[in-house]
Amino acid sequence: MLELTLNKVNKHFSTKKAVNGISIRLNSGVYGLLGANGAGKTTLMRMICGILNPTSGTIQMNGQEIDRMGERYRDLLGYLPQDFGYYPDFSAEEFLWYVGSLKGLTLRASKGKARELLRTVALEEVARKKIRTFSGGMKQRLGIAQAMLNDPRVLVLDEPTAGLDPKERVRFRNLIADLARDKIVILSTHIVSDVEYIADQILVMKQGGLLMTGTVEQLTATIEGCVWSCHIPPREVEVWNARYCVSNLRHEGDRVELRIVSTDKPADQAAAVPPTLEDFYLYHFQDEPAVGIGEKK
Amino acid sequence: MAQLRFISWKVWAVQLLIVLGMGLLLHNSLQQSNRNVQLVMLTSTAAPLLVIAGIQTLTRSLSCHMLEIELSTRHILEKLTLVRMSLFGIADLIGLTLLAVIMSAWMQMEIAVVLLYLLVPFNLTCIGCLWLLNRVRTPNCGYYCLFYCGLLVMIQMILMFHPSLWLFESSAIGVWQALLILTVIGIAFEVLDVRKTCRTLETAFRIQV
């Protein structure tokens, strides 16, 4: 049984509080980190990976501080950073052999695992091609493969679906669902639908703190009665857009159907509709930078 | 040793070419009426050149944005950088020793003295590059190192054309020995700093905390 425990974890950069007193216990399963840009998701993930030290607080794996575990913890870890590069002169398979050597695998083991993972992420045919010739999506898939090389028990993926096309995203989601057994998978993404599909539990971060945690159903239930649908004439769209948080707009003949996220009923004819995770996101982050609902900034 | 296979063969080929090229240059120069000191200085330019050959590999974690991955694996960046530095250091020292043996044989100079003239510039190159590596934590670090190495080669060339300087008289050997000791100490300090620098992301990028 795996247990990753964060106890009052803080991270300050100069005067900025990037992560603010986060305490949580994570067991096997997929955890989705949701939050606007600058919410502290990447900083939190980096601390979980041990590449940033918390200013205060502790991170423990099965009761032992990860800092003290050192190599033993890193043996359990697979990490896909948000912004990462490659040695462009390496081919895909050479890159995986290289990361394998850093993860302490023998060359023989690296070769076997690399072959298997390249097949999994559909890069088998380009295994011997230089990475510099790869598209963004191919590089991202290779990044996912390197994170899985050592068959990690704790898999941390920062924006794993960035640059993937819809088909690749579906493939990735299935892959994670397959892998998640007996593992702690922590992933962040700007694409709300990805978190919705993949994550068992969602951790919502705002301004460095943990705003809420729960399943999609639990989170959306908290804004029940705050999402409305109403039909208005097209000429009024601009006014409504300025006044309310409009999560969707659809033309229906000579009327426009608006989906509005608001605590108050926006109009008499407005009808409450079941909220989605996207509505939940807008409800809590409508004042934050306008990125993240459907695509990466 | 597993890291050996991940250093491009081109890097080793360039290092070999530098040693062979210097040997050839030395051989040709011996036919002319150059003074020994001039030839020693000419050959000592091999030291920064050898460092240049490996510097891009040493700094490529930064320039290729691989830091985060290399900090999260079992053998972290600290170990990786030390291994890379050791591999290049050993290769460079083999190359310089080879040149020293050739020079000593051809010029009837004491091998220890020749080694002294080769190792001091080599150590100075290493200190400068390590200093830059520890303080300039940007993807351009490798280029700054190249610039520094180029500067050293230029100084050596200037010295080569002024062989009458007291620096090359036998009475100055003590100064060279002192320089060798000081530079070795300097390298040791910088290597310790490399270890600290390569431990976490904030030290690797010198993030203000």
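User: What makes a side chain of chain B count as positive or negative, and how far apart do the centres of the two sets lie?

Analyst: Lys and Arg count as positive and Asp and Glu as negative, while His and the chain ends are not counted; the place of each charge is taken as NZ of Lys, CZ of Arg, CG of Asp or CD of Glu. On that basis chain B has 13 positive and 9 negative side chains, with the centres of the two sets 7 Å apart. Chain A has 38 positive and 36 negative side chains, and there the centres lie 7 Å apart.

User: How were the model and its numbering treated?

Analyst: The model is predicted, so local features need pLDDT of at least 70 and side-chain atom pairs count only at pLDDT 80 or more, whereas totals for chains, interfaces and linings use all residues. Residues are numbered from 1 along each chain as its sequence is written, chains are lettered from A and ligands numbered from 1 in the order in which they are written, and side-chain values use heavy atoms, with hydrogens and water left out.

User: How do you know how many helices and strands chain B has?

Analyst: Helices (H or I, at least four residues) and strands (E, at least two) are DSSP runs, numbered from the N terminus. Counted in this way, chain B comes to 10 helices and 0 strands, so that its elements, read from the N terminus on, run α-α-α-α-α-α-α-α-α-α. Chain A comes to 11 helices and 14 strands.

User: Why can the radius of gyration of chain B be said to agree with that of a compact globule?

Analyst: The radius is taken over C-alpha atoms, and the globule rule is 2.2 Å times the number of residues to the power 0.38. For 209 residues a compact globule would have a radius near 17 Å, and chain B has 18 Å, which agrees; its C-alpha trace spans about 55 × 35 × 25 Å along the principal axes. For the 297 residues of chain A the corresponding value would be near 19 Å, and chain A has 21 Å, which also agrees, with a C-alpha trace that spans about 70 × 45 × 35 Å along its principal axes.

User: Why is A:T220 called buried, and what is A:R255 called by comparison with the cut-offs?

Analyst: Buried means under 20% relative accessible area, exposed over 50%, and partly exposed in between (1.4 Å probe, protein chains only). A:T220, in helix α9 (residues 216–221) of chain A, has 9% relative accessibility and therefore counts as buried. A:R255, in strand β13 (residues 255–261) of chain A, has a relative accessible area of 35% and is therefore partly exposed. By the same cut-offs, 51% of the 209 residues of chain B count as buried, and 54% of the 297 residues of chain A do.

User: What do A:T220 and A:R255 touch?

Analyst: Contact means heavy atoms within 4.5 Å. Not counting residues up to four places away in sequence, A:T220 touches A:P275, A:T276 and A:L277, while A:R255 touches A:H231, A:I232, A:P233, A:P234 and A:R250.

User: Why is helix α4 of chain A described as largely enclosed?

Analyst: Of the 11 residues of α4 (residues 92–102) of chain A, 10 are buried, so the helix is largely enclosed by the rest of the structure. Among these buried residues are A:F95, A:W97 and A:Y98, and what covers them includes α5 (107–120) and α6 (136–148) of chain A together with α5 (67–71) and α6 (77–107) of chain B. Just after this helix, A:G104 takes a positive phi of about 85°.

User: Why is helix α1 of chain A also described in this way?

Analyst: In α1 (residues 41–48) of chain A, 6 of the 8 residues are buried, so this helix too is largely enclosed by the rest of the structure. The buried residues are A:K41, A:T43, A:L44, A:M45, A:M47 and A:I48, and just after the helix A:G50 takes a positive phi of about 80°.

User: What is the area buried between chain B and chain A?

Analyst: Buried area is the accessible area (1.4 Å probe) that two parts lose on being put together, summed over both. Between chain B and chain A it is about 2,800 Å², of which carbon and sulfur atoms give 58%. In chain B, B:F6, B:E68 and B:R74 lose the most area to chain A, together 25% of what that side buries. In terms of contacts, 27 residues of chain B meet 33 residues of chain A.
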